[in-house]
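Here are my notes on the model you sent over. Have it open while you read, and go point by point.

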Amino acid sequence: MAEGPLGSDLVVAPPTRPAFAPSSLKQRESRLADEASTSRKITVQRRRKGEQIFSAEKLKCHAASAVMNLAMDDDNKRAIREAGGLPRLVSLMISTDIEVLVSVLGALVNLALSNENKSELRDLQAIPKMVTLLDSPNELVVQKVVEVLWNLAGDDDNRAAVLHAGGLKKLLDLLPCSDDHDAPSRDPGIVASALGAMANLAVHPENCGAMRESGSIRKIVDLVATSPHDRTKERAANCLENLALDRENREIIRHCKGADVLVRMLSSSNDAWIRAAAGALKNLTVDEESKAEIAFHGGLKLMISLLKHPDMVTVGKAAECVGNFALEDQYRARIRELDGLGLLLELLDVGVPDAVRLGAAGAVLNLAVDDECKTVIKRLSGIPKLVPLLAVGLPQTLRAVTAMTLTNLGAQEESAVMIAEAGGISALIQCLSSPTDDTLQEKAASALWNLSTVDSIKSLIRKSGGIPLLLSVFEDSRFVPTIENALGALLSLAETEDNRDAISQAGAVALLLRLLLHDHPAVVEKAAGVIWNLSHEEAVQHSIRELGGLRILISLLSSDAQLIRFNVIGAFPFLTEQEENVKQCFELRVIDPLVALLAGESNVLVLQNAAQTLGNMAEGRPDIQDYIRTARGLIGLADVIAKWTPHRASPDVAHQGWEWSNQQELLSKCCFAVWLVCQNNKLSQMAYFEAGRLGGLATLLHSSSDDTLLEMAAGAICALCENCTPVKEGFRECGGLESLILLLDHKNDSVKLNSAKALCHLSECDKNRDIIRQLGGLDKIVRLLSLA
């Protein structure tokens with residue numbers, strides 16, 4: 001399911017309300033008894049001035065505390081920003097009054113939970129000021145600064161700003177060092193909050209790298225293992241979760257025995273520890289080495305047991321971790337044995353949080369590549385649980401993962417039918433239309449492609465309105481994978497006549513011709529494949545010509561991409577069934593690329609279609625016959641026959657990996673083309689004769705050849721011999737008469753007919769008549785006169 005670490009939820013400091021209030025300051029009332037009355041007046045004025053200063057600081061402190069409490073409400077966070085509160089608060093961060101400073105920081109802790117406020121505080125240069133305050137000797141100030149940075153680090157730009165302001169280094173300095181016993185101990189609350197801030201910062205790649213280079217990862221693993229403070233252990237594990245988003249960091253964590261430490265946390269009675277450890281292990285299990293170590297310490301079994309945990313956040317992380325294990329064959333069986341599949345399927349039920357259902361569906365997706373797991377999913381009624389997850393209104397990521405799972409399950413016909421029975425076809429089709437996105441469309445089209453290979457589902461997709469929506473992808477989407485999958489589904493759907501009619505009537509031909517000009521070869525290839533299937537229908541054959549498609553298709557016969565050539569040439573035997581198409585193809589000089597295919601291709605199916613197209617083009621058209629001859633098309637056909645004809649001693653031996661049946665079909669179509677190029681064309685007859693290729697045709701008249709090959713070979717010989725004495729004599733000299741005479745007893749009437757016609761022409765030569773009689777041909781021909 002996933003190629004890299006699964007994303008981690010950011011750890012955000014709770015908007016705690018500081019329990020403090022400004023303390024009273026003592027008034028200065030000392031006077032000198034011997035002062036003059038004027039001096040007493042000045043002293044009183046000075047005292048009043050001091051009272052005004054005290055009152056202003058006290059007022060700021062109370063105002064900041066009020067803002068802090070008001071900012072616990074989201075609407076107030078916005079209102080405070082709009083009232084200009086943020087710049088005023090930032091300006092007070094230079095206050096030397098600890099009470100004012102702590103109140104300001106307390107307000108900023110809550111305000112920094114808003115994304116808009118995060119950005120504005122960065123623009124106000126609050127972050128460098130925060131970093132400076134980390135040097136404060138007052139631990140309450142440091143605690144509040146760390147909490148503000150924690151919340152500000154929920155924004156990626158802020159993460160970078162904290163790093164560049166030196167904040168990450170100062171936060172790392174707050175962590176205790178197990179090697180330095182003389183270092184002053186830090187308040188555990190500060191350490192825990194610093195770890196929370198670093199967990200958020202670690203999402204940014206630069207911070208991830210900086211923490212690695214500073215050697216802090218080992219220190220964090222040690223805190224998970226040895227800290228006596230509950231919250232510190234939890235936050236350190238949170239930090240490892242996000243650090244494990246990086247491959248190098250995962251290696252360091254593993255070498256520091258972090259996997260073992262985290263697995264041991266799963267067995268604790270502290271739910272917060274379990275949740276944090278599950279999150280870190282989820283990301284570590286991206287790597288095979290970490291999977292192996294975690295499994296060795298019993299982590300897989302513990303993760304499966306956590307699928308029953310009462311805390312849904314923990315369950316979601318456990319499901320994702322199990323999904324990572326399910327990427328490898330060796331763990332799928334273990335998950336199945338521990339009833340992991342059953343527990344995951346239960347998590348798909350209504351009422352389970354969508355984030356948990358997503359993790360469970362992802363794990364089922366990875367398990368569903370295994371046939372035994374597919375069987376268990378079917379047995380536990382997993383398909384009816386999956387299909388509702390495609391519903392409009394659910395998160396599109398969840399719908400996309402579900403579609404991917406159905407793609408895997410739909411590879412088996414029994415599962416495909418169950419998906420259809422559960423309403424999956426309509427649900428997948430709905431995923432192609434709004435509300436949707438590129439990923440959901442891609443996965444839904446992929447599932448429909450797999451399902452459309454089942455004959456009974458082909459018509460269901462059509463009846464459910466799938467064809468117009470698949471075609472709409474070509475107009476609305478620019479996402480290549482989605483286009484490819486939609487084309488794949490149409491390629492399969494177009495295998496039936498009813499679907500071909502529906503596809504063409506929906507305006508597919510124009511869209512497909514446009515896709516033949518696409519920049520991506522895979523799109524061109526699949527669009528050509530759909531056109532190939534649609535070309536079975538006469539209406540499509542005409543539409544392609546009328547829309548200018550023949551020129552595009554002919555140009556693609558010379559494509560560098562083999563699969564494009566393969567699909568394009570497949571359409572031409574059908575397209576050249578129409579006289580108008582033959583005429584236009586000839587004018588567009590299709591003969592030259594067809595002859596080039598005969599000379600350069602090794603794919604038997606490409607060669608078959610090229611030969612058949614040449615035959616279609618040549619039938620009854622002397623000008624095209626002549627062009628094929630002068631373009632060396634006849635020689636190309638003869639070369640293919642020679643290359644693909646097996647030795648008589650072992651005619652069933654496969655050639656270049658192709659079965660004998662495929663070879664025979666190729667040879668049949670080459671004989672068909674020779675027949676129609678040479679029919680009633682003296683120059684073509686002589687060209688074939690002078691090329692010395694008659695013996696190749698004679699070799700095909702063998703008992704191992706199938707009926708079609710014998711019929712076409714005899715037909716080609718008939719066309720070559722008609723009114724052409726050199727060919728008649730040449731065929732005798734290559735020993736072909738005996739084979740033709742034997743075919744007069746063949747069970748297939750078409751074979752007998754063409755053999756008799758060939759002997760009719762051959763018997764116009766004196767020497768041939770004598771040999772035909774001597775070989776018993778005369779008696780066999782006479783017996784044919786009495787056939788019913």
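1. Leaving aside its neighbours within four places in sequence, which residues is S535 in contact with? The list is V540, Q541, I544, A571, F574 and L575, where contact means heavy atoms within 4.5 Å. Before going on, a word on the source: this is a predicted model, local features need pLDDT of at least 70, side-chain atom pairs count only at pLDDT 80 or more, and totals for chains, interfaces and linings use all residues. Residues are numbered from 1 along each chain as its sequence is written, and side-chain values use heavy atoms, with hydrogens and water left out.

2. Staying with S535, you'll find this residue in the loop between α34 and α35 (helices are DSSP runs of H or I, at least four residues, numbered from the N terminus). S535 counts as buried, at 0% relative accessibility; buried means under 20% relative accessible area, exposed over 50%, and partly exposed in between, with a 1.4 Å probe and protein chains only. A polar atom of the S535 side chain sits 2.6 Å from the backbone oxygen of I531.

3. E251 and R254 make another, the closest N and O atoms being 2.9 Å apart. These two lie 3 residues apart in helix α14 (residues 247–255), about one turn of the helix, and both are buried. They also belong to a network of salt bridges linking R247, R250, E251, R254, D287 and E289.

4. Now look at R78 and E82, whose side chains meet in a salt bridge at 3.9 Å, N to O. They are 4 residues apart in helix α2 (residues 74–82), about one helical turn. R78 is partly exposed at 39% relative accessibility, while E82 is exposed at 59%.

5. Helix α18 (residues 299–306) is worth a look: G299, L300, M303, I304 and L306 are buried there. They cover an arc of only 155° around the axis, which puts them on the same side of α18; the arc is that of the directions from the helix axis to the C-beta atoms. Their packing partners are α15, α16, α17, α19, α20 and α21.

6. Last, the largest nonpolar core has 257 residues, and M198, L262, F474 and L516 have the most contacts inside it. Domain 1 (57–149) and domain 2 (604–645 + 659–785) both give residues to this core, so it lies between them. Here a nonpolar core is a set of buried Ala, Val, Leu, Ile, Met, Phe, Trp, Tyr and Cys residues joined through side-chain atoms within 4.5 Å, and the domain bounds come from an automatic or database domain assignment. Not counting residues up to four places away in sequence, M198 touches L168, L171, L172, L175, M211 and C239.

Notes: Salt bridge = Lys/Arg side-chain N within 4 Å of Asp/Glu carboxyl O. Polar contact = N/O pair within 3.5 Å; in protein donor to acceptor, adjacent residues only side chain to side chain.
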